Amino acid sequence: MSHPKKAHSSTSHTVLTGTFVCAWCGLTVSAAAGDGTRRNHCPSCLHSQHVLDHVEGGSSDCHGRMSPISIAVLRTGDWMVVHRCVRCDELTSNPVCADDNQLILMRMAVRPLAQPPFPLEVFGEL
Amino acid sequence: MPGRGRPNRRTRSTRRPQRSKDVLHGRGGRGANAFRCVGCRTEVSPEAPGTTHRNHCPNCLSSLHVDRRVPGDRAADCRGRMEALSMSVRPDGEWMIIHHCVACGELSANRIAGDDNALVLVRLALKPLRDTSIAHRVLLTL
């Protein structure tokens with residue numbers, strides 16, 4: 001709860017109970033992660049919900065499901081999950097939690113190499 | 001000659017004619033949508049194989065924050081430089097570049113073009129796997 005804007009804009013349901021139900025897999029997860037940070041996506045399927053407006057700040061009325069589409073790497077080497085709202089196509093990036101599903105994270109990281117748009121064999125000669 | 005600004009050593013008779021320039025901000029004509037990349041200063045032509053919306057430099061993949069929602073609407077007044085952040089894959093297997101605005105932090109997803117630098121694309125796709133300690137830890141927990 002170090003970020004006042006984030007804590008203010010979370011839904012009242014999440015504040016009251018400290019848990020939320022995943023919009024994709026239905027898992028009930030606690031809003032606080034193990035290391036004390038605030039969770040914004042399901043640790044099992046990494047899906048999120050569009051409740052925060054990242055352009056103007058504050059809460060968003062969309063409430064669409066946000067699916068994970070990509071892994072971004074910060075300069076510090078930390079991984080971020082890029083989410084895309086299936087209703088309004090808004091993109092957000094969120095830090096990876098320690099207890100996130102490592103299989104899905106790794107699958108997203110190697111996904112571009114599974115279907116390259118050009119043959120990757122030529123890079124072996126470089 | 002007073003009031004003419006910078007003195008010119010050449011006389012009027014030997015001065016070469018002004019070279020022809022393309023009006024980049026006008027509508028239509030050659031070079032109407034050509035741009036100079038904000039990242040590597042490459043002159044980029046608007047014709048891109050495989051896409052009708054050239055929105056990033058084929059050499060360094062940098063972009064400019066000019067569109068808000070619809071590609072080509074030119075509705076954003078940020079004008080910040082957008083750097084390629086990560087690579088995403090559509091369900092149909094097409095690569096998408098996630099751009100991140102350096103000025104305002106906005107994210108956008110753009111299709112790759114046919115003449116994008118393949119080495120830079122693969123470097124971007126391999127970015128999460130560069131730090132082998134993370135991948136090692138991930139594979140251990142599986």
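**Elements, sheets and spaces**

Q: What makes up chain A in terms of helices and strands?
A: Chain A has three helices and six strands, where helices (H or I, at least four residues) and strands (E, at least two) are DSSP runs numbered from the N terminus. Their order from the N terminus is α-α-β-β-β-β-β-β-α. This is a predicted model, in which local features need pLDDT of at least 70, side-chain atom pairs count only at pLDDT 80 or more, and totals for chains, interfaces and linings use all residues. Residues are numbered from 1 along each chain as its sequence is written, chains are lettered from A and ligands numbered from 1 in the order in which they are written, and side-chain values use heavy atoms, with hydrogens and water left out.

Q: What is the order of the elements in chain B?
A: Chain B also holds three helices and six strands, but they run β-β-β-β-β-β-α-α-α from the N terminus.

Q: Why are E3 and E6 of chain A called edge strands?
A: The open sheet of chain A has four strands in the order E3-E4-E5-E6, with antiparallel pairing. Strand E3 (48-49) and strand E6 (91-95) each have a single partner strand, so one side of each has no neighbour in the sheet.

Q: What does helix H3 of chain A touch?
A: Helix H3 (residues 102-114) packs on the sheet and touches strand E4 (65-73) and E5 of chain A, a contact being heavy atoms within 4.5 Å. The direction of H3(A) makes about 65° with that of E4(A); axes are lines fitted to C-alpha atoms, for helices over the stretch in contact, and angles run from 0 to 180 degrees between N-to-C directions.

Q: Which strands form the open sheet of chain B?
A: In chain B the order is E3-E4-E5-E6, and the pairing is antiparallel. Strand E3 (63-64) and strand E6 (107-111) of chain B stand at the edges, because each has a single partner strand. H1(B) packs on this sheet, touching E4 and E5 of chain B, at about 70° to the direction of E4(B).

Q: What makes a space in this structure a cavity?
A: On a 1 Å grid over the protein atoms alone, a cavity is a set of points where a 1.4 Å probe fits but cannot get out. The structure holds one cavity of 30 Å³ or more. The largest cavity has a volume of about 60 Å³, volume being the space filled by probe spheres set on the points, which are joined across faces, edges and corners. Its lining residues (an atom within 4 Å of a point) include Met108(A), Pro112(A), Met87(B) and Leu124(B). H3(A) gives the largest share of that lining, three residues.

Q: How many residues in chain A are buried?
A: Buried residues make up 40% of the 126 residues in chain A, where buried means under 20% relative accessible area with a 1.4 Å probe, protein chains only. In chain B, buried residues make up 32% of 142.

Key
Two strands pair if DSSP finds at least two bridges between them. On a 1 Å grid over the protein atoms alone, a cavity is a set of points where a 1.4 Å probe fits but cannot get out, and a pocket is an open set with protein on both sides within 12 Å along at least five of seven lines; lining residues have an atom within 4 Å of a point. Buried means under 20% relative accessible area, exposed over 50%, partly exposed in between (1.4 Å probe, protein chains only).
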